[in-house]
Amino acid sequence: MGQKHKGKKPGNRRGGMEKAQTGGEEDRGEEKVGCRLYQRYIKRGMDVVLAGLALLFFSPVIIVVAVLVRCKLGTPVIFTQERPGKDGEIFRLYKFRSMTDARDETGKLLPDGERLGKFGKGLRATSLDELPELINILKGDMSVVGPRPLLVDYLPRYNAFQARRHEVRPGITGLAQIHGRNAIFWEEKFKWDVAYVDHITFLGDWSIILKTVWIVLHHEGINAEDSATMPEFVGNETASTVEECQDLSGKMG
């Protein structure tokens, strides 16, 4: 008589797999809950503390830059412009002026590259022109980390995927800034923006902040290719996929 071989029933194996899958789903669920708690209750408080400390620490620098801008570029020292924030709500952005008002013989402003002199390029290379945005953070218009606030004119040009960048407060720095800054194309910028919207964490934000410091110190990705400033976004119909966004989210660490 042949011997009967003892073994695990197929059902037990399936049961183990189902438990493993359930456990994985529970872990992901807990992670999402943690991300929501950070975004809802911690992130704003951290923004206020960091912006307040930065204003105190950089106050001598802010005063010196303001005096230099006044002497080299004239008035106004602070450049203000309407930008769309969370949910597309318009706010007034503050930056140090970095361009002159040079015009051609017809009175039309010269191209950005010609109005952005050596001093203005230096401000942008060191990101000193963005120090007044700390006030926007204290006011609640912006966050330390988030998609950069772009022009109001761009709002109707976004497709549904790109418009998701306005689901959160805009930031002084973000994923796009540490993955190419102005040296990458618009479509890639928006993919990084939406990847951030879907994956906001405490550790992720601090990773972005620390990488931003390193990039600023090394002057990386300041200018777009063949341009002193980022070219205008004219809109496109390219719809990025969820998989592409998830792939970028996996690279956030």
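Helices (H or I, at least four residues) and strands (E, at least two) are DSSP runs, numbered from the N terminus. This is a predicted model: local features need pLDDT of at least 70, side-chain atom pairs count only at pLDDT 80 or more, and totals for chains, interfaces and linings use all residues. Residues are numbered from 1 along each chain as its sequence is written, and side-chain values use heavy atoms, with hydrogens and water left out.

**Overall build**

The chain has nine helices and four strands. Along the sequence they follow the pattern α-β-β-α-α-α-β-α-β-α-α-α-α. Of the 253 residues in the chain, 38% are buried. Buried means under 20% relative accessible area, exposed means over 50%, and partly exposed lies in between (1.4 Å probe, protein chains only).

Contacts are heavy atoms within 4.5 Å. Among contacts in the chain with a separation of 6 or more, 73% join residues 24 or more positions apart.

The accessible surface of the chain is about 15300 Å², and carbon and sulfur atoms hold 58% of that area. Accessible areas come from the Shrake-Rupley method with a 1.4 Å probe; for residues, only the protein chains shown count as cover.

**The nonpolar patch**

Val33, Leu37, Tyr41, Ile42, Phe202 and Leu203 form a nonpolar surface patch of about 630 Å². Patches are made of residues with over 30% relative accessible area and no salt bridge; like charges are joined within 9 Å, and nonpolar side chains (Val, Leu, Ile, Met, Phe, Trp, Tyr) within 5 Å. A salt bridge here is a side-chain nitrogen of Lys or Arg within 4 Å of a carboxyl oxygen of Asp or Glu.

Helices α1 (10-73) and α8 (202-218) each supply at least two residues of this patch. Helix α1 gives the most, with four. Ile42 lies in α1. Ile42 counts as partly exposed because its relative accessible area is 44%.

Pro76 sits in the loop between α1 and β1. The peptide bond from Thr75 to Pro76 is cis, with omega near 0°.

Strands β1 (residues 78-84) and β2 (residues 90-96) run antiparallel and are joined by seven bridges. Two strands pair if DSSP finds at least two bridges between them. Phe79 has Lys95 in β2 as its bridge partner. The hairpin has five residues between its strands, and Asp87 takes a positive phi near 60° there.

Most residues other than glycine have a negative phi, and most peptide bonds are trans. Asp87 and Ser127 both have a positive phi. Asp87 is exposed, so its relative accessibility of 60% is over the cut-off. Ser127 is buried because its relative accessible area is 16%. In helix α3 (residues 118-126), the buried residues are Gly120, Leu123 and Ala125.

**Cysteines**

A disulfide is a pair of cysteine sulfur atoms within 2.5 Å. By this rule the count is zero. Is Cys35 buried or exposed? Cys35 is buried, with a relative accessible area of 16%. Cys71, in contrast, is exposed at 63%.

**Relative accessibility by residue**

| Residue | Relative accessible area | Class |
|---|---|---|
| Cys35 | 16% | buried |
| Ile42 | 44% | partly exposed |
| Cys71 | 63% | exposed |
| Asp87 | 60% | exposed |
| Ser127 | 16% | buried |
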